[in-house]
Amino acid sequence: MSRPHVLVIPYPAQGHVMPLMELSHNMVDRGFKITFVNTESIHKRVVAAMSKNSDYEDFINMVAIPDGVETEEERNDLGKLSNTMIKVMPGHFEKLIKKINESKDGDDKIACVIADQTLGWALEVAEKLSIQRAVFWSSSAVLLALTLHIPRLIEDGIINTEGIPLTNQMIHLSTTMPAMKTGHFVWACFGDSDLQKTIFKLMFDNTPSTKLANYIICNSFYELEPSAFNLVPNLKPIGPLLASSRLAHFWPEDLTCLSWLDQQPAKSVIYVALGSFTVLDKRQFDELALGLELCGQRFLWVVRPDLTNDGTDSYPDGFETRVCSRGRMVGWAPQREVLAHPSVACFLTHCGWNSTLEAISVGVPLLCWPYFADQNLNKEYICEIWKIGLGLKPDENGLISRDEFKTKVVGLLGNEEIKTSAMELKEIAMKNVSSGGASFKNFEDFIEEIK
Ligand code: UDX
């Protein structure tokens with residue numbers, strides 16, 4: 001029997017492409033065939049970064065459509081990219097589906113479109129072509145609950161119609177949900193700017209198309225954010241997603257750090273990785289380097305080629321020589337394998353949702369340094385609700401000092417309560433994805449429905 005054919009389309013960012021590729025792997029394991037649609041620019045990067053052939057390549061066809069943006073510079077302007085994508089991509093997407101569905105092989109027809117929630121237009125195209133639709137939400141359930149409550153926030157005078165908070169008060173989306181700071185709303189971190197308005201509008205505008213979906217799934221599990229799932233009952237958690245995604249990295253993984261980790265004592269290494277967007281100014285970059293030196297611990301630090309805003313990764317004078325016996329810098333790490341490695345003691349993270357879930361899956365405690373978007377909200381849950389990490393505190397100039405890095409690393413590594421909570425949460429996470437667990441069942445129901 002031929003495999004049911006599903007078309008998957010992520011938003012063109014690492015934190016969106018990665019979990020949708022993991023979902024695709026899981027679907028291939030359950031007998032599906034996937035067409036994975038990236039923008040041309042992301043497609044090129046992913047293909048260039050591929051480290052080795054994978055069994056999944058036979059069943060995942062990677063294709064590309066244009067995003068309508070001319071240059072990489074324009075592509076870095078999130079507002080411009082998102083606005084252009086909406087104008088250009090639906091036409092290409094529709095053409096692609098029609099081409100597949102009109103091909104000679106009748107069994108190859110698309111059975112379902114799984115679209116990132118931020119691409120509401122993809123659901124509209126699927127509906128027009130009478131194809132089943134599923135939304136993948138790439139962040140926390142709390143954030144989706146917030147997004148779906150935007151009209152009520154406006155009505156209650158908490159934000160204006162452009163998303164700008166009108167009050168500093170803490171708000172509750174429901175009586176059982178933890179309080180939320182208006183300053184932690186995803187769009188609020190961009191200040192009163194055009195980008196803030198564009199991001200708010202995108203989130204607001206996508207809400208109606210989300211209702212076109214037959215299923216809404218996300219990378220989370222019920223016990224992690226029960227009140228949010230109660231507030232959005234049709235949102236089904238299928239996480240934590242666990243596949244190792246060799247097919248979707250934007251930068252080539254440096255696998256040599258795994259053998260370096262093999263040489264280190266158990267639970268001795270601080271893993272430092274700030275996701276795919278975080279940019280540090282030179283002063284902050286130096287302070288982080290000197291902080292890692294001051295800690296006196298072993299460390300593995302991901303220094304992405306574009307981590308600093310002056311485009312250099314020139315370390316403070318003599319740094320590399322002084323730390324060479326206990327520190328290792330790589331351009332991009334196989335993060336899942338690193339986090340699961342017995343030598344890793346803690347994770348200094350920007351609190352991106354994927355990184356957060358990956359750490360929870362292996363019970364690694366977190367040192368939180370949010371950068372933007374949903375990361376402040378995630379940090380709040382990590383430190384205050386789940387109690388599996390500590391937050392770094394900027395000084396009066398907004399800088400995280402080397403002393404602050406040291407104080408918090410020492411504090412985290414000596415905190416048995418946090419380590420125990422992290423291990424307990426890991427157990428709950430693993431139970432969810434084991435046979436019979438709630439996330440496992442949600443995934444089974446989802447694929448049975450599509451089949
Ligand atoms: C973005 C937003 O920043 C984040 O807040 C949102 O929740 C999702 O989109 P990003 O900054 O890329 O994501 O962070 P994150 O969500 O953590 O995703 C990064 C992914 O890259 C993770 O899956 C991580 O395992 C992977 N990664 C990171 C590597 O494989 N190697 C690395 O060296 C660093």
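Colleague: Which elements do the buried residues of α15 pack against?
Modeller: This is a predicted model, in which local features need pLDDT of at least 70 and side-chain atom pairs pLDDT 80 or more, while totals for chains, interfaces and linings use all residues. Residues are numbered from 1 along each chain as its sequence is written. Taking contact as C-beta atoms, placed from the backbone, within 7 Å, and helices (H or I, at least four residues) and strands (E, at least two) as DSSP runs numbered from the N terminus, the buried residues of α15 pack against α6 (141-148), α14 (353-362), β14 (366-368) and β15 (389-391).

Colleague: How many of the 11 residues of α15 are buried?
Modeller: Buried means 20 or more other C-beta atoms within 10 Å of the residue's own (exposed is 12 or fewer, partly exposed in between). The buried residues of α15 include Q375, K379, E380 and I382. Helix α15 (residues 375-385) is largely enclosed by the rest of the structure, because its buried residues number eight.

Colleague: Which residues of α5 does α4 meet?
Modeller: From α4, the residues involved are I86, M89, P90, F93, E94 and I97. On the α5 side, they meet W121, A122 and V125.

How values were computed:
Contact = placed C-beta atoms within 7 Å.
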